[in-house]
Amino acid sequence: MRYPCIKISKSKIFDNAKIIVDKCKEIGIDVWGVTKVCCGDPTIANIMNDAGVVALADSRIRNIVRLNKANLNNLVLLRIAMMSEIDLIIQYVDICLVSEIKILRALNKAANFYKTQQKVMIMIDVGDLREGVYYKRVTQFLSQLPKMNNIEIVGIGTNLTCFGGVVPTVEISQRLIQVAQLFKEVLNIDIKILSGGNSSSLGLVWQNKMPAGINNLRIGEGIMLGRDTVHQGAIENTHNDTFILQAEIIELKYKPSIPDDKTGFDAFGNIPVFKDIGWHYRALLAIGKQDVFPERLVPIDKSLKVLGASSDHLLVSMPNNHVYTVGDTIEFTLDYVGVLNTMTSPYVKKIII
Ligand SMILES: *Cc1c(COP(=O)(O)O)cnc(C)c1O
């Protein structure tokens, strides 16, 4: 076995996805399974499909191509479409997210060239101030929309919490429904998909407060880690230990907790802060900030404590009666950013169990 490695539990991801898909289905919401944290891994995508997601969504075109090559379909590109990727979008993406008329024109032209129709979802910013047409500027946007024979607007969507930390509420979610009415009035089109947000909207689903009309959510973290991102808490009956990172001890020594000498900046330009816990056992692990930041990790053995890391070394303190030795490994659970970091590091081996 090689370390560091991240072990991914198929059955736990399936359970989480199933719980969320079923709960959403009860109130008429379809789930798009978001695969970006695992770089569009086809095995994980298949598990999400088995659990009943209606499409697979990823923010990177490269991951979409990976899913397509593995014979997966119903692929949604989550990051706003890029001008330099229009040709790939036409070839690989079923639904792409758009907020710019210039991009819509380019998509229309390319779709016409390839003799196809491109489905799009227009992103509406209902207040988080990341992507989308600001909800108070939709009329103006619609008045500028050209006639596009090769574009089909299948939905409107909004993203909340990721940038502005705006917490989804009934009132905010209703703004999307009002925007759908504007599309009907101005363009006379029925918006089929109203995509109300990401995992941060699961709170509204569980409280049974999602306004009728919202019929789609795009879920990543909820499925992968069983977490409601706004409340930073676990979703009932889901697993939070779907991903487990394992790193190897390369040194284990009894040392003081504070340097004997004057200190300056560390390797990352920060002034280190030390907590005096006296002399203690310090394990040095072969993983570092190049793979994952230490604050993203929680040791499964509760007697251990993460002290910090440099690029290639992670430091963990151990009690005097610990049972570890050099060559042993230590396991950690991770938060979503930690999973993202380690899944993206080529130095961390991925094992799907
Ligand atoms: C990442 C992303 C999601 C999924 O977010 P989670 O919080 O992981 O559920 C949904 N929509 C868009 C546009 C995204 O970029």
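**Figure 1. A nonpolar surface patch formed by Leu129, Tyr134 and Phe163 in a predicted model**. Together these three residues have about 330 Å² of accessible area, computed by the Shrake-Rupley method with a 1.4 Å probe, with only the protein chains shown counting as cover for residues. A patch is made of residues with over 30% relative accessible area and no salt bridge, nonpolar side chains (Val, Leu, Ile, Met, Phe, Trp, Tyr) being joined within 5 Å; a salt bridge is a side-chain nitrogen of Lys or Arg within 4 Å of a carboxyl oxygen of Asp or Glu. Because the model is predicted, local features need pLDDT of at least 70 and side-chain atom pairs count only at pLDDT 80 or more, whereas totals for chains, interfaces and linings use all residues. Residues are numbered from 1 along each chain as its sequence is written, and side-chain values use heavy atoms, with hydrogens and water left out.

**Figure 2. Leu129 and Asn74, two non-glycine residues with positive phi**. Leu129, in the loop between β6 (118-125) and β7 (133-134), has a phi of about 65° and counts as exposed because its relative accessibility is 54%. Asn74, in the loop between α3 and β4 (75-77), has a phi of about 60° and is partly exposed, with a relative accessible area of 42%. Buried means under 20% relative accessible area, exposed over 50%, and partly exposed in between (1.4 Å probe, protein chains only). Helices (H or I, at least four residues) and strands (E, at least two) are DSSP runs, numbered from the N terminus.

**Figure 3. The cis peptide bond between Tyr3 and Pro4**. Omega is about 0° at this bond, and Pro4 is found in the segment before β1 (5-8). Most peptide bonds are trans.

**Figure 4. Ala267 in the loop between β13 (243-255) and β14 (280-285)**. Ala267 counts as exposed, because its relative accessibility is 72%. Although Ala267 and Thr229 are 38 residues apart in sequence, the C-alpha to C-alpha separation between them in space is 32 Å.

Methods. Patches are made of residues with over 30% relative accessible area and no salt bridge: like charges are joined within 9 Å, nonpolar side chains (Val, Leu, Ile, Met, Phe, Trp, Tyr) within 5 Å.
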